[in-house]
Amino acid sequence: MRQFHAAIVEFRRGFDGAIATHPYESGWADEAVFFVELEELSVGSTVRLAVQLSPDGLRWVDEGTVLELDQPDHVMARLTNFGGFLRLAGEVTGTAHRCTMTVRLALKG
Amino acid sequence: MQSSALALPISFAGYDPLERILSADDFDRGMSGWLDLRPNFTGRDFAAHDHRIDLEHWGPTMLSSATFPFAGTHGSASGTYSLKLGTRWPAARADQPPAPGSMGLAIKRLATPIGATRLRIEALVAATAVQDRPGLGVDAMRSFGLLVDLQDAEHRWMPGVRWVNAVDGAPERRWQYYAATTADDVGWSYGEAGWHRAGIDPQWFGRRYPDGSTDGTAWFGDQPQPLIYNETDDKINWMRLALTIDLRARRYLGFEAHDRSLTFPEGAAPTLADPYANIGGLLNPVFFVEADGDQPVTLFVDSVLVSWSDR
């Protein structure tokens, strides 16, 4: 039977401007799903999140997948063929440029 | 080697368990029931049960290959993977409550076997700083440690040990154990009585002092014990820890760390609190790591063996 682990990477975390989720080691997994639960977002603001890969948890490269939200919502990104570390990076822009989100990472392999 | 160890995988060859095995976790076989230690989300809209300090943003626990920017993958003592505990955000000063995200904690939830008289928690661990800056992060870690949350018919109690590596940047390299506190519930919870009774969760409660002590710790009388940090942040060495507890007398029996057997004072014991509801008989080992400054730090746990005796 394959391994499975769901990690709470960010929990009800407030971001102001720049966003970067905690580097999460995922080298053992074959597939991953980022679940993003955007809980609070000021009216007129937008959240943009790019999936990033890293060989060491310190140096990041865009994977190509981008999530954009302009209201509280629950969205996901499916990933395969990634390196050791995963994160979401981006920014919240607009009138108040502040948001709160929970990010979960479901890993299987 | 005692008979119980003969049936264990080779990854436990260096261990010295008591007669009966409760759990044997080699993280090459997955998370093995270890996960983040998080608060109880029993409040309104699933709010956490206690807000005296931020219990929600400790660094997340993960399976790690111990991979570094210049060394590549270090692996574990007996394979590729270990359990990694890490910090997320900078620490507060030593005399302040732990800052949000300045610790990382992992827990496994078990139950005390019928007739258990002694308990031993053993592990192979390695600790280092995240190599996010040039230099040597030997003083970046405030502490790491292990404790076990226990509740019998009369008391909830949390024996454990804490290696204080550095205090506000100054090297310390000395061990503490969790001792009986004289604090009341209000003092224990940083000035406002809450869910945490005096002595409960000593890894983050109990007033803290500039020398690295807390209302819930006592220093071992032994000389400082430098552990192996190695000569750069990306070289780690696996070292053994073994904590033995007398479950009947609620006392410490022994603690071995790396190359030393430390001596508890006669009668050394943690705080004996009143029991909590719905947790009678629980046996929850916990590992933790804590930053000292703004550099994140990591505790790798290769494997954990929980053993017991009914003699």
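Student: Which strand gives the largest share of the lining of the second largest pocket?

Tutor: In this predicted model, the largest share of that lining is 3 residues, and they come from β19(B). Strand β19 (282-291) is joined by β10 (141-151) of chain B, each supplying at least two lining residues.

Student: What is the idea behind searching for such spaces, and what volume does the second largest pocket have?

Tutor: Rolling a probe the size of a water molecule over the atoms shows where empty space is left. Here the second largest pocket has a volume of about 360 Å³. It has 23 lining residues, and those nearest its centre are Asn40(B), Arg109(B), Asp149(B), Arg156(B) and Trp195(B).

Student: How do the residues of that lining divide into nonpolar, polar and charged?

Tutor: There are 13 nonpolar residues, with 5 polar and 5 charged ones beside them.

Student: What volume does the largest pocket have, then?

Tutor: About 570 Å³. Its lining consists of 33 residues, and the closest to the centre are His22(A), Pro23(A), Gly57(A), Val130(B) and Pro296(B). By residue class, the lining of the largest pocket holds 15 nonpolar, 10 polar and 8 charged residues.

Student: Let us turn to the chains. How many helices and strands does chain A have?

Tutor: Chain A has 0 helices and 9 strands, and the order along its sequence is β-β-β-β-β-β-β-β-β. Its radius of gyration is 14 Å, close to the 13 Å that the globule rule gives for 109 residues, so chain A is as compact as a globular protein of that length. The C-alpha trace extends over about 45 × 25 × 20 Å along the principal axes.

Student: What percentage of the residues of chain A counts as buried, and what percentage of its contacts joins residues at least 24 apart?

Tutor: Of the 109 residues, 47% count as buried. Among contacts between residues at least 6 apart in sequence, 81% join residues at least 24 apart.

Student: How many helices and strands are there in chain B?

Tutor: Chain B contains 2 helices and 20 strands. The radius of gyration is 18 Å, close to the 19 Å from the globule rule for 311 residues, so chain B too is as compact as a globular protein of that length. Along the principal axes, its C-alpha atoms fill a box of roughly 50 × 45 × 45 Å.

Student: What is the general expectation for nonpolar side chains, and how many residues has the largest nonpolar core?

Tutor: In soluble globular proteins, nonpolar side chains tend to be buried together. The largest nonpolar core in this model has 102 residues, and the ones with the most contacts inside it are Val47(A), Met101(A), Phe144(B), Trp175(B), Phe255(B), Phe287(B) and Val301(B). Leaving aside residues up to four places away in sequence, Phe255(B) touches a set including Trp175(B), Phe220(B), Leu241(B), Leu262(B) and Phe264(B).

Student: Pro159(B) also interests me. Is Pro159(B) buried or exposed?

Tutor: The cut-off for burial is under 20% relative accessible area. Pro159(B) has 0% relative accessibility, so Pro159(B) counts as buried. This residue sits in the loop between β11 (156-157) and β12 (160-167) of chain B. Beyond four places in sequence, the residues that Pro159(B) touches include Leu147(B), Tyr178(B), Ile245(B), Tyr252(B) and Pro270(B).

Student: Which residue other than glycine has a positive phi near 55 degrees?

Tutor: That residue is His258(B), placed in the loop between β16 (251-257) and β17 (260-262) of chain B. His258(B) counts as partly exposed, with a relative accessibility of 33%. Phe46(B), likewise not a glycine, has a positive phi of about 65 degrees.

Student: Where is Phe46(B) found, and is Phe46(B) buried or exposed?

Tutor: Phe46(B) is found in the loop between β2 (35-36) and β3 of chain B. Exposure requires over 50% relative accessible area, and Phe46(B), at 59%, counts as exposed.

Terms used:
Residues are numbered from 1 along each chain as its sequence is written. Chains are lettered from A and ligands numbered from 1 in the order in which they are written. This is a predicted model: local features need pLDDT of at least 70, side-chain atom pairs count only at pLDDT 80 or more; totals for chains, interfaces and linings use all residues. Side-chain values use heavy atoms; hydrogens and water are left out. On a 1 Å grid over the protein atoms alone, a cavity is a set of points where a 1.4 Å probe fits but cannot get out, and a pocket is an open set with protein on both sides within 12 Å along at least five of seven lines; lining residues have an atom within 4 Å of a point. Grid points are joined across faces, edges and corners, and a volume is the space filled by probe spheres set on the points. Ala, Val, Leu, Ile, Met, Phe, Trp, Tyr, Cys and Pro count as nonpolar, Asp, Glu, Lys and Arg as charged, and the others, Gly among them, as polar. Helices (H or I, at least four residues) and strands (E, at least two) are DSSP runs, numbered from the N terminus. A nonpolar core is a set of buried Ala, Val, Leu, Ile, Met, Phe, Trp, Tyr and Cys residues joined through side-chain atoms within 4.5 Å. Buried means under 20% relative accessible area, exposed over 50%, partly exposed in between (1.4 Å probe, protein chains only). Contact means heavy atoms within 4.5 Å. The radius of gyration is taken over C-alpha atoms; the globule rule is 2.2 Å times the number of residues to the power 0.38.
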